[in-house]
Amino acid sequence: MRNKSISIATIFTAGSVAIVLIVLAISVNIAGYFFSRDSMSSFYSSAKTELTIFSDTITMFFKSKEAELNVFSDSPEVRAADESIHSFVDESGAVHILEYQKSHTEERIRTLCKRFAASDKDIAEIYIGTKWGGYATNFDGSMNGGYDPRKRG
């Protein structure tokens, strides 16, 4: 049997390679940690900016709608709302809005509702509900009997 001996040069080379690999592994881990931390910080900063812009856009949208609704609710037509506006509270089944007789006040409010809906593409339906249960809208379809605009879901 032959006894193999490892030379000092081989040990030195293996040790040098091990040290280089350890230093390289530590360097890669440290660089990865700082890169990850900076990436997350950048992401959070970017997300905060985008969410702030989104929030500001939503706020502007609702401020605009609030201003429009203030004009609508302060109009002479809406201010003149009375008990003559049709109520669906005591009715049943489908009630076609175009088929029942409307008071002059309700007709004026419906005309105003239609003007508002036509002037703003974001409005699908605009209506008022009165303290007497009346309901006037730009909508020309049908309503379910029993609907009470004074109650919210």
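**Close-up views of a predicted model**

A search of the whole structure finds 8 aromatic pairs. Rings of Phe, Tyr and Trp (its six-membered ring) pair if their centres lie within 6.5 Å; planes under 30 degrees apart count as stacked, over 60 as edge-to-face and the rest as tilted. The model is predicted: local features need pLDDT of at least 70, side-chain atom pairs count only at pLDDT 80 or more, and totals for chains, interfaces and linings use all residues. Residues are numbered from 1 along each chain as its sequence is written, and side-chain values use heavy atoms, with hydrogens and water left out.

**View 1. Tyrosine 33 and phenylalanine 34 form an edge-to-face pair.** Their ring centres are 5.2 Å apart, and the planes meet at 70°. Phenylalanine 34 is partly exposed, at a relative accessible area of 38%. Buried means under 20% relative accessible area, exposed over 50%, partly exposed in between (1.4 Å probe, protein chains only).

**View 2. Tyrosine 135 and tyrosine 147 also pair edge-to-face.** The centres lie 5.2 Å apart, with the planes at 80°. Tyrosine 135 belongs to strand 3 (residues 135–137), while tyrosine 147 lies in the segment after strand 4 (142–144), so the pair ties together parts 12 residues apart in sequence. Helices (H or I, at least four residues) and strands (E, at least two) are DSSP runs, numbered from the N terminus. Tyrosine 135 is buried at 3% relative accessibility. Tyrosine 147 is partly exposed at 28%.

**View 3. Five residues make one aromatic cluster.** They are Phe88, Tyr100, Tyr127, Tyr135 and Tyr147. The charged end of lysine 102 sits over the ring of tyrosine 100, 4.1 Å from its centre. For this, NZ of Lys or CZ of Arg must be within 6 Å of the ring centre and within 35 degrees of the ring normal.

**View 4. Helix 3 (residues 104–119) has a buried side.** Its buried residues are Thr105, Glu106, Ile109, Arg110, Leu112, Cys113, Phe116 and Ala117. They span an arc of only 160° around the axis, which puts them on the same side of helix 3. The arc is that of the directions from the helix axis to the C-beta atoms. Their cover includes helix 1 (8–73), helix 2 (76–79), strand 2 (127–129) and strand 3; contact means heavy atoms within 4.5 Å.

**View 5. His104, Ala118 and Ser119 are exposed on the other side of helix 3.** Alanine 118 has 70% relative accessibility. Its C-alpha atom is separated by 9.4 Å from that of asparagine 138, 20 residues apart along the chain.
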